[in-house]
Amino acid sequence: MPQVSLSTSTSFNGDLNALVEDQGTSLTVRFDLDEPAPAGGLKVYIDSEVEQILNRLNLPGAIANPQIENLNLLATQTNFDNSGLAVEITEGATFATVTLNVFDNVEPDTFLPETFDGRVDAVFSLVTADQITIEDQSSITGVGDYTIDPTAGGSTVIFVDDASQLMEPPAPPMSDGLQVSLFTGPRYLIEDEGTVSAHAFLATNGVIPDDGLVVSVDAPNLSEFDLAGISVEGGEIATVRDGGFDLRMTEYTTLVNLPIADDGEPESGETATFSLAEGDGYEIISDYSSGTFNLVDTASDISQGAISEPNDTFPEAVDTQISPENPSFSGDDSIYFNIGNRYLKDDGTYQYLDYGEDVDVYKVELSAGDTIAIETFDKEGNSNPIGDGLRLRSAIYDAEGNLAQDYMIIGTVSSAAPDKLFGGIGPFDENETDT
């Protein structure tokens with residue numbers, strides 16, 4: 001098994017390993033192996049844990065005019081939040097390099113100023129296949145078997161808009177100890193369906209001890225769950241206590257599946273929260289340290305517009321219940337990863353959907369001649385299109401799930417929908433529609 005080391009360098013004329021936007025500097029990432037890459041090549045993965053930091057590099061330009069050595073460009077992958085990427089070193093090579101130019105973005109940035117504006121010190125670190133976080137497992141695939149050089153497993157790159165920002169102090173370094181985060185889903189647990197809640201515990205920035213890492217979880221409403229039906233992947237439940245439990249993590253990603261209990265008692269606006277609690281040997285990532293479930297007796301108890309994953313298939317479509325008496329429906333949902341967006345397979349395991357696969361299906365009953373207006377907005381309240389060049393697409397299917405033929409799309413509305421303040425967005429280009 002090869003051992004891999006990582007190093008970086010920039011074209012900045014100075015002592016710091018810096019990328020300066022207004023100077024158009026470039027970054028070279030180098031991988032060195034202590035033995036030739038195996039047959040078929042070796043895919044390696046680096047991550048920075050800085051959201052969208054790759055977008056401070058000119059990736060489109062790198063694709064159009066690649067500056068690589070001993071790399072298979074077609075095998076390159078970026079992870080869930082564009083904080084890291086995987087590259088494939090060609091068979092037989094003992095080193096590989098890729099050079100990326102900095103991207104001179106416009107300031108101030110309105111999307112993610114903490115990443116795109118000012119100074120950001122990003123630590124790029126090699127990651128092995130068993131350390132890939134669950135939200136990245138669908139986008140980073142085929143990572144090979146290798147070990148990391150303990151003396152050269154990471155490298156810091158400084159991103160700035162102009163050289164004067166290099167005089168600013170860097171952000172405080174991350175802790176040297178293990179850090180633990182928690183993700184949960186779905187939003188609603190239905191008693192008479194025995195919905196199984198999903199809990200993903202992630203350990204980063206350190207090494208799990210040989211006997212595991214014991215993480216404490218506070219869960220005041222734990223009695224609402226069927227503890228006999230709990231299952232754990234990548235660890236075990238060490239202790240169940242009043243108002244919580246202790247989880248022994250033996251893998252960097254540990255999944256806990258816990259079904260809600262059908263206790264026969266009516267639930268009225270009740271919630272259940274799971275929160276990481278302080279313990280020995282780890283620190284808590286505060287932004288990702290808890291999750292809350294809404295508990296209901298039946299699916300009909302979920303209020304209109306309260307959308308919960310999964311809703312990616314026709315049987316799971318959200319029923320809008322639109323009718324002449326109830327002519328409108330609104331709700332909010334996300335195309336981004338949710339640990340609850342999963343489907344139980346025949347073998348008892350789950351198929352998870354990531355943000356690149358997520359679709360949201362809605363059901364409405366129409367008669368011949370009926371018309372509907374669909375309005376979409378991003379999280380900031382801006383009408384479609386949203387994001388950086390992203391358009392929301394729609395298509396109509398019949399009750400059997402076939403693309404409907406006997407309907408007409410009149411086009412994008414050119415004026416605001418009833419009782420809405422936002423105007424139309426103009427028609428789609430014919431080549432951009434799904435029909």
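Where is Ile 372 found? In this predicted model, Ile 372 sits in the segment after β26 (362–363). The views below start with the whole protein and come back to that residue later on.

**View 1. The whole chain, with two helices and 26 strands.** The secondary structure comes to two helices and 26 strands. Of the 435 residues of the protein, 40% count as buried. The protein exposes about 23600 Å², and carbon and sulfur atoms supply 49% of that area. Now look at how the chain meets itself: among contacts with a separation of 6 or more, 74% come from residues 24 or more positions apart.

**View 2. His 199, a buried residue in a strand.** Zoom in on strand β14 (residues 196–204), and you'll find His 199 there. Is His 199 buried or exposed? His 199 counts as buried because its relative accessibility is 2%. Its side chain has a polar contact of 2.9 Å with the side chain of Ser 197. Leave aside the neighbours within four places in sequence, and His 199 is still in contact with a list of residues that includes Leu 182, Phe 183, Thr 184, Phe 274 and Phe 293. Thr 254, Leu 255, Val 256 and Leu 258 are also among those contacts. One of them, Thr 254, gets the next view.

**View 3. Thr 254, a contact of His 199.** Thr 254 belongs to strand β19 (residues 253–259). With a relative accessible area of 0%, Thr 254 is buried. Which residues does Thr 254 touch, not counting those up to four places away in sequence? They are His 199, Ala 200, Phe 201, Val 232, Glu 233, Gly 234, Gly 235, Leu 247 and Met 249. Follow the side chain of Thr 254 and you'll see that it reaches the backbone oxygen of Gly 234 at 2.9 Å. A polar atom of that side chain also lies 3.2 Å from the backbone oxygen of Glu 251. As for Gly 235, it is 19 residues from Thr 254 in sequence, with 6.1 Å between the two C-alpha atoms.

View 4. Glu 21 pairs with Arg 56, and their closest N and O atoms are 3.0 Å apart. The two come from distant parts of the chain, 35 residues apart. Glu 21 is in the loop between β2 (18–20) and β3 (26–33), while Arg 56 is in the loop between β4 (42–47) and α1 (59–64). Glu 21 is buried, with a relative accessible area of 3%, and Arg 56 counts as buried at 1% relative accessibility.

View 5. Start with Arg 241 and Asp 218, whose side chains meet in a salt bridge (3.8 Å, N to O). Arg 241 lies in strand β17 (residues 235–241) and Asp 218 in strand β15 (residues 213–218), so the pair ties together parts that are 23 residues apart in sequence. Arg 241 counts as partly exposed at 30% relative accessibility, and so does Asp 218 at 34%. Next come Arg 248 and Glu 236, with side chains that meet in a salt bridge (3.3 Å, N to O). Since Arg 248 is in strand β18 (residues 244–249) and Glu 236 in strand β17, this pair ties together parts that are 12 residues apart in sequence. Arg 248 is partly exposed at 24% relative accessibility; Glu 236 is partly exposed at 42%.

**View 6. Ile 372 and a nonpolar surface patch.** Here's the residue from the opening question. Ile 372 counts as partly exposed because its relative accessibility is 45%, between the 20% and 50% cut-offs. Together with Val 364, Leu 366 and Ile 374, Ile 372 makes a nonpolar surface patch of about 350 Å².

View 7. The protein averages a pLDDT of 82, and 81% of the residues score at least 70. Where does pLDDT stay under 50? One such stretch is residues 383–391, for which the model has 18 contacts beyond four places in sequence. Another is residues 408–435, with 33 contacts beyond four places in sequence.

Conventions
Residues are numbered from 1 along each chain as its sequence is written. This is a predicted model: local features need pLDDT of at least 70, side-chain atom pairs count only at pLDDT 80 or more; totals for chains, interfaces and linings use all residues. Side-chain values use heavy atoms; hydrogens and water are left out. Helices (H or I, at least four residues) and strands (E, at least two) are DSSP runs, numbered from the N terminus. Buried means under 20% relative accessible area, exposed over 50%, partly exposed in between (1.4 Å probe, protein chains only). A polar contact is a pair of N or O atoms within 3.5 Å; within protein, one must be able to donate a hydrogen and the other to accept it, and residues adjacent in sequence count only if both atoms are side-chain atoms. Contact means heavy atoms within 4.5 Å. Patches are made of residues with over 30% relative accessible area and no salt bridge: like charges are joined within 9 Å, nonpolar side chains (Val, Leu, Ile, Met, Phe, Trp, Tyr) within 5 Å. Accessible areas come from the Shrake-Rupley method with a 1.4 Å probe; for residues, only the protein chains shown count as cover. A salt bridge is a side-chain nitrogen of Lys or Arg within 4 Å of a carboxyl oxygen of Asp or Glu. pLDDT is the predictor's confidence in each residue, from 0 to 100.
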